[in-house]
Amino acid sequence: MEKNNNKPEVKNKQPKKRGKIGTFLREAFSEMKKVEWPKFATVIKTTLIVLGVVAAFLVVMFVFDMILAVGNDALLLRDIDPIGMITGALKR
């Protein structure tokens, strides 16, 4: 005699599909765990280097601008007063 299995048929359950955003975020967080983050001292050191380079370029650009302004005034035969230009710019 044959056994009568009254078990319902089990359908192949597929894993729940995530949306594209969910997949992206899951993979992004997974990759962020693999990153080797710099030490705090390294961050401070490189930040100070960047600020120093920016300050140096600020001075160079300021001097270059003043030279061009004096040259422009000389070409247009105006009164040349670079100190007055600096103090005038600071008063504004």
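This is a predicted model: local features need pLDDT of at least 70, side-chain atom pairs count only at pLDDT 80 or more; totals for chains, interfaces and linings use all residues.
How many residues has helix α2, and what does it reach from its first C-alpha to its last? Helix α2 (residues 40–75) has 36 residues and reaches 52 Å between those two atoms.

Figure 1. Residues are numbered from 1 along each chain as its sequence is written, and side-chain values use heavy atoms, with hydrogens and water left out. The protein comprises three helices and zero strands, in the order α-α-α along the sequence, where helices (H or I, at least four residues) and strands (E, at least two) are DSSP runs numbered from the N terminus. The average pLDDT, the predictor's confidence in each residue from 0 to 100, is 81, and 64% of the residues score at least 70. Among the elements, helix α3 (residues 82–91) has the lowest mean pLDDT (65), whereas α2 has the highest (93).

**Figure 2. Helix α2 and the residue Leu77.** The 52 Å reach of α2 is close to the 52 Å expected at 1.5 Å a residue, the expected span being 1.5 Å times one less than the number of residues. Leu77, which follows α2, has a positive phi, near 55°.

**Figure 3. A nonpolar surface patch that includes Phe24.** Ile21, Phe24, Leu25 and Phe29 make a nonpolar surface patch of about 480 Å²; patches take residues with over 30% relative accessible area and no salt bridge, joining like charges within 9 Å and nonpolar side chains (Val, Leu, Ile, Met, Phe, Trp, Tyr) within 5 Å. Phe24 lies in helix α1 (residues 20–34) and counts as exposed because its relative accessibility is 55%, given that buried means under 20% relative accessible area, exposed over 50% and partly exposed in between (1.4 Å probe, protein chains only).

Figure 4. The structure holds one salt bridge, defined as a side-chain nitrogen of Lys or Arg within 4 Å of a carboxyl oxygen of Asp or Glu, and in it the side chains of Lys34 and Glu31 meet at 3.3 Å, N to O. Both residues lie in helix α1, three residues apart, about one turn of the helix. Lys34 counts as exposed, at 60% relative accessibility, whereas Glu31, at 45%, counts as partly exposed.

Terms used:
Accessible areas come from the Shrake-Rupley method with a 1.4 Å probe; for residues, only the protein chains shown count as cover.
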